[in-house]
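Subject: Structure for you to look at

Hello,

Here is the structure I promised to pass on. Please open it alongside this message, and my notes follow below.

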Amino acid sequence: MKIKTKEQILEKALLLFNEKGLENVSTRDIAKEVGIAQGNLCYHYPTKQEVVEGIYNNFSVEFDTLFTKIKDFKDTNFEAFFKITFLILKLLNKYKFFMFSFVEISRNYSKISTSFIELQKKKKLQFSTFHKLLIMQGFMKKETYKGLYDTIILQSNIISNFCFSEGEI
């Protein structure tokens with residue numbers, strides 16, 4: 001089945017952004033990689049910002065799909081927790097240019113910035129729910145002080161959001 005031009009643009013742009021960095025890729029580079037004229041690319045995505053937002057929408061859909069699967073996860077033990085963490089890191093790696101350019105994107109792409117805040121809330125809720133299940137099943141102890149697990153979740157988010165940048169240094 002032939003991939004639609006619009007989807008091809010996003011796929012090639014994602015590969016280029018991951019390989020060269022957001023700031024080092026132009027719409028001309030994307031068009032060349034897809035094998036289309038820049039005008040054709042601009043027909044589908046008039047600006048680079050719209051390309052980035054399109055890629056982010058795909059990321060967001062994949063993330064929601066992943067969290068839907070996690071909600072249906074039957075096992076609630078540490079092995080399941082590590083599987084979930086692996087799946088999340090694998091997804092973040094697929095879209096790693098967001099992590100590399102996190103601050104720039106947050107400052108310059110308001111739609112993405114707002115959506116990312118909501119995504120962080122979803123991640124926190126999911127991990128909080130998972131912690132509660134682990135506590136109920138005796139795999140984890142109750143918090144020794146209020147907010148401990150929220151702090152651990154925040155630290156995990158910080159690590160997952162910036163570990164890719166650290167790995168590139």
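Grid points are joined across faces, edges and corners, and a volume is the space filled by probe spheres set on the points.

Please bear in mind that this is a predicted model, in which local features need pLDDT of at least 70 and side-chain atom pairs count only at pLDDT 80 or more, while totals for chains, interfaces and linings use all residues. Residues are numbered from 1 along each chain as its sequence is written, and side-chain values use heavy atoms, with hydrogens and water left out.

**Overall make-up**

The protein has 9 helices and 0 strands (DSSP runs numbered from the N terminus: H or I of at least four residues for helices, E of at least two for strands). Of its 169 residues, 38% are buried, meaning under 20% relative accessible area, with exposed being over 50% and partly exposed in between (1.4 Å probe, protein chains only). Among contacts (heavy atoms within 4.5 Å) between residues at least 6 apart in sequence, 71% join residues at least 24 apart.

**The core**

A nonpolar core here is a set of buried Ala, Val, Leu, Ile, Met, Phe, Trp, Tyr and Cys residues joined through side-chain atoms within 4.5 Å. The largest one has 45 residues, and Phe17, Ile30, Ile55, Phe59, Phe97 and Phe98 have the most contacts inside it. Two or more residues each come from H1 (5-20), H2 (27-34), H4 (48-71), H5 (78-94), H6 (96-100), H7 (102-108), H8 (110-136) and H9 (148-168). H4 gives the largest share, 8 residues. Leaving out residues up to four places away in sequence, Phe17 touches Leu22, Val25, Ile30, Lys48, Val51, Val52, Ile55 and Phe97.

**Cavity and pocket**

How many cavities of 30 Å³ or more does the structure hold? There is 1, and the largest cavity has a volume of about 60 Å³. Its lining consists of Tyr56, Phe98, Met99, Phe102, Ile105, Ser106, Ile112, Ser113 and Phe116, with H6, H7 and H8 each supplying at least two residues. By class, that lining has 7 nonpolar, 2 polar and no charged residues (Ala, Val, Leu, Ile, Met, Phe, Trp, Tyr, Cys and Pro count as nonpolar, Asp, Glu, Lys and Arg as charged, and the others, Gly among them, as polar).

The largest pocket holds about 300 Å³ of space. Of the 17 residues that line this pocket, Phe81, Thr85, Phe127, Ile152 and Ser156 lie nearest its centre. H9 gives the most to the lining, with 7 residues, and the classes are 11 nonpolar, 5 polar and 1 charged.

Glu53, in helix H4, is buried with a relative accessible area of 12%. Beyond four places in sequence, Glu53 touches Tyr109, Lys111 and Ile112. Thr27, in helix H2, is also buried, at 13%. Its contacts, with neighbours within four places in sequence set aside, are Gln38, Leu41, Thr47 and Lys48.

Terms used: 1 Å grid on protein atoms, 1.4 Å probe; cavity = no way out; pocket = protein on both sides within 12 Å on 5 of 7 lines; lining within 4 Å.
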